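Dear colleague,

I am handing over the structure shown below, and I would be glad if you kept it open while you read the notes that follow it.

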Amino acid sequence: MEQKYTSDEREFIRLSAFFKKQAERWKEENKLGEEYTQLLETCDKLMEQLEIHAQNRAIVMDEHEQLKSLVKDNARCPKCAKNSHLKLTGTDKSEQGWVSNKYKCRRCNIEFVWNAPNNPWDMLSYVDHLVAGLENTMKVQQLDAETIQQNEAALSQMKANVATLRPVIDASKQHMADLEQKEKIMSEMILKVNKHLMIEKIRMS
């Protein structure tokens with residue numbers, strides 16, 4: 001898990017390091033005033049917050065990426081029914097809002113959108129939709145006992161999968177929402193401090 005910083009955060013880290021280095025020289029020359037002592041304390045406190053925030057961001061984003069990898073496309077060309085010549089060309093959004101992968105079959109020279117979402121968030125509502133459709137089919141159609149048994153087994157499996165996945169996805173959504181809120185707060189703080197540090201740096205030079 002790698003910690004990543006935004007450009008504004010990297011700028012703050014550079015400016016903070018510059019003022020720390022400058023403060024060491026001022027201490028040796030007994031020229032470190034109260035104003036700059038407070039400024040350095042502010043930088044230190046913000047740096048601590050930034051490191052905690054960056055670690056949390058890395059954890060949440062890593063969790064997000066791991067969830068994305070849960071959904072694997074088993075796409076096959078609708079014409080030749082093979083997957084050996086498929087090339088991923090992009091994504092497409094359905095009328096229901098599900099995002100699915102778009103492929104080109106280089107063998108058949110056709111492009112198609114795979115019929116299932118490419119992420120677990122959309123997969124939940126997609127499976128809910130399948131379950132509702134299958135339950136409705138079983139109500140309105142006269143089905144033989146074997147088909148009913150097969151459908152009930154499929155329903156049971158789909159519902160079990162959703163029940164397992166839903167709390168994990170809901171938790172991830174909440175973590176992302178909390179992160180976005182914290183990102184906004186941190187970004188405002190970093191921008192404000194960066195502006196002040198830049199002004200001080202210009203004054204010094």
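**A charge over a ring, and its surroundings**

K201 lies over the face of F18, at 4.7 Å from the ring centre, where a charge sits over a ring if NZ of Lys or CZ of Arg is within 6 Å of the ring centre and within 35 degrees of the ring normal. Please note that this is a predicted model, in which local features need pLDDT of at least 70 and side-chain atom pairs count only at pLDDT 80 or more, while totals for chains, interfaces and linings use all residues. Residues are numbered from 1 along each chain as its sequence is written, and side-chain values use heavy atoms, with hydrogens and water left out.

The whole structure holds three aromatic pairs (rings of Phe, Tyr and Trp, the last by its six-membered ring, with centres within 6.5 Å; planes under 30 degrees apart are stacked, over 60 edge-to-face, the rest tilted). One of them joins F18 and F19, and this pair is edge-to-face because the planes stand at 85°, with the ring centres 5.3 Å apart. F18 is partly exposed at 29% relative accessibility, whereas F19 is buried at 2% (buried means under 20% relative accessible area, exposed over 50%, partly exposed in between, with a 1.4 Å probe and protein chains only).

I190 is also buried, with a relative accessible area of 1%, and, leaving aside its neighbours within four places in sequence, I190 is in contact (heavy atoms within 4.5 Å) with D8, E9, F12, L46 and L50.

Best wishes
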